[in-house]
Amino acid sequence: MRVRVATTALGITAALLVLPACSPDTTGAHPATEQAVTPSDRTQETSVPSSAALTSRLLDQSDLGSGYLAEPQHPAQHDDVTVLGCPALSELGGSAATGGTLAFPYKAKAAFTYGGSSSEIAEELYSDSPKKLSDGIARIFAAMASCPTYQVISGGAPVDVASQKLAAPNTRGDQQWSQLLTFTSAGRSSVVKQTAIRSGNLLVIVSGSPALVDRHLGKALAKAMAAS
C-alpha cells in the first residue's frame, strides 16, 4: 500500500477532520510541547502572509536536490469518513473531505516523490493569528496522541492507524509537535513521520518518509521564515 502523503498523512488524520479554529477544545490537556502564546506573538497578528506569499516560501526541487519530482495538485476528494476507536478524533468531525486542508484562512502545499520510489515528502504552510494556529494544531495532535490505535473508513476502505508521539524537534520556532503514523490496509503498512512547527503567525507541517522529513525539515522552516 502506498500512502499518499499529501492526502493521507494529513488527509486520513488531521486534514480530513474539520477543525474550525474557534471551536471548543474537546480533547482535554494539550501536548507537553505546547507553550503559551506570548505578547510578542500577538504583535504579529496584523501581518498574516497571504496564500500567494506562502506559496513562494514552499520548498521546490532546487531546494531539495536531485532525484525529487513534484507531484501535481489534485482537486480535493470528498468522501464520507468514519473514525472508529478514537472518540477525541470523532468529536473533531469524522465526516470531512479526505483531501482537505486545515481550516486556516491562508495556505499552500507541495508534495514530492524521491528517486522513482514510493518515498514521499509533503510540506504545508498555513498562516493565521498565533493563537488560532496554536489552538488549532495543538487540538489535532492532542486528539491523535490520545488514541494509540484507531481505524478510519474513507470511501468504504478501512485503514488501521497507529500513532506514536515523538519528542519535539530541537529547532527554531515557538512551538513544535511530532508524531509517527503507521497506516495498515489489506495487510500492507506504510510509516509516515509528521512534524509541525509554529513560528509566530506561520505554521509549517512536513510529512512523509521519516528519513526525508528529518533531512529537509530545517530547510523548510528556514525558507518559510526567511521573509518574516
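Two strands are said to pair if DSSP finds at least two bridges between them, and the strands themselves, like the helices, are DSSP runs numbered from the N terminus, a helix being H or I over at least four residues and a strand being E over at least two. This is a predicted model, in which local features need pLDDT of at least 70 and side-chain atom pairs count only at pLDDT 80 or more, while totals for chains, interfaces and linings use all residues. Residues are numbered from 1 along each chain as its sequence is written, and side-chain values use heavy atoms, with hydrogens and water left out.

## Strands and their partners

Strand β2 is joined to β5 by 4 bridges, and the two run antiparallel. Strand β5 is also joined to β6, again in the antiparallel sense, by 6 bridges, and β6 in turn pairs with β7, antiparallel over 6 bridges.

| Strands | Bridges | Facing residues |
|---|---|---|
| β2 and β5 | 4 | threonine 82 and isoleucine 153 |
| β5 and β6 | 6 | glutamine 151 and aspartate 160 |
| β6 and β7 | 6 | lysine 165 and glutamine 179 |

In a regular strand the side chains alternate between the two faces of the sheet. In β2, Val81 and Val83 make up a covered face, whereas Thr82 and Leu84 make up an uncovered one.

The hairpin of β5 and β6 has 2 residues between its strands, and in this hairpin glycine 155 takes a positive phi near 60 degrees. Glycine 156 is found in the loop between β5 and β6 (157–165), and with a relative accessibility of 62% it counts as exposed, a word used for over 50% relative accessible area, just as buried means under 20% and partly exposed means in between, with a 1.4 Å probe and protein chains only. Although glycine 156 and valine 81 are 75 residues apart in sequence, their C-alpha atoms are 8.5 Å apart in space.

A positive phi also occurs at alanine 186, a residue other than glycine, where the value is near 55 degrees. Alanine 186 lies in the loop between β7 and β8 and is exposed, with a relative accessible area of 79%.

## The disulfide

A search of the whole structure finds 1 disulfide, a term for a pair of cysteine sulfur atoms within 2.5 Å. The disulfide is formed by cysteine 86 and cysteine 147, whose sulfur atoms are 2.1 Å apart. Cysteine 86 lies in the loop between β2 (81–84) and α5 (87–93), and cysteine 147 in the loop between α6 (130–145) and β5 (149–154), so the pair ties together parts that are 61 residues apart in sequence. The link is right-handed, with 85 degrees about the S-S bond, and both cysteine 86 and cysteine 147 are buried.

## Nonpolar cores

In soluble globular proteins, nonpolar side chains tend to be buried together. A nonpolar core is taken here as a set of buried Ala, Val, Leu, Ile, Met, Phe, Trp, Tyr and Cys residues joined through side-chain atoms within 4.5 Å. The largest such core has 28 residues, and those with the most contacts inside it are Leu89, Leu102, Ile137, Tyr150 and Leu203. The elements that give two or more residues to this core are β2, α5, α6, β5, β6, β7 (175–185), β8 and β9 (202–208), and the largest share, 7 residues, comes from α6. Apart from this core lies another, of 21 residues, among them Leu58, Ile121, Ala220 and Leu221.

## Buried polar side chains

Arginine 198 lies in strand β8 (residues 188–199) and is buried, with a relative accessible area of 0%. A polar atom of the side chain of arginine 198 lies 2.8 Å from the backbone oxygen of glycine 200.

Technical notes:
A polar contact is a pair of N or O atoms within 3.5 Å; within protein, one must be able to donate a hydrogen and the other to accept it, and residues adjacent in sequence count only if both atoms are side-chain atoms.
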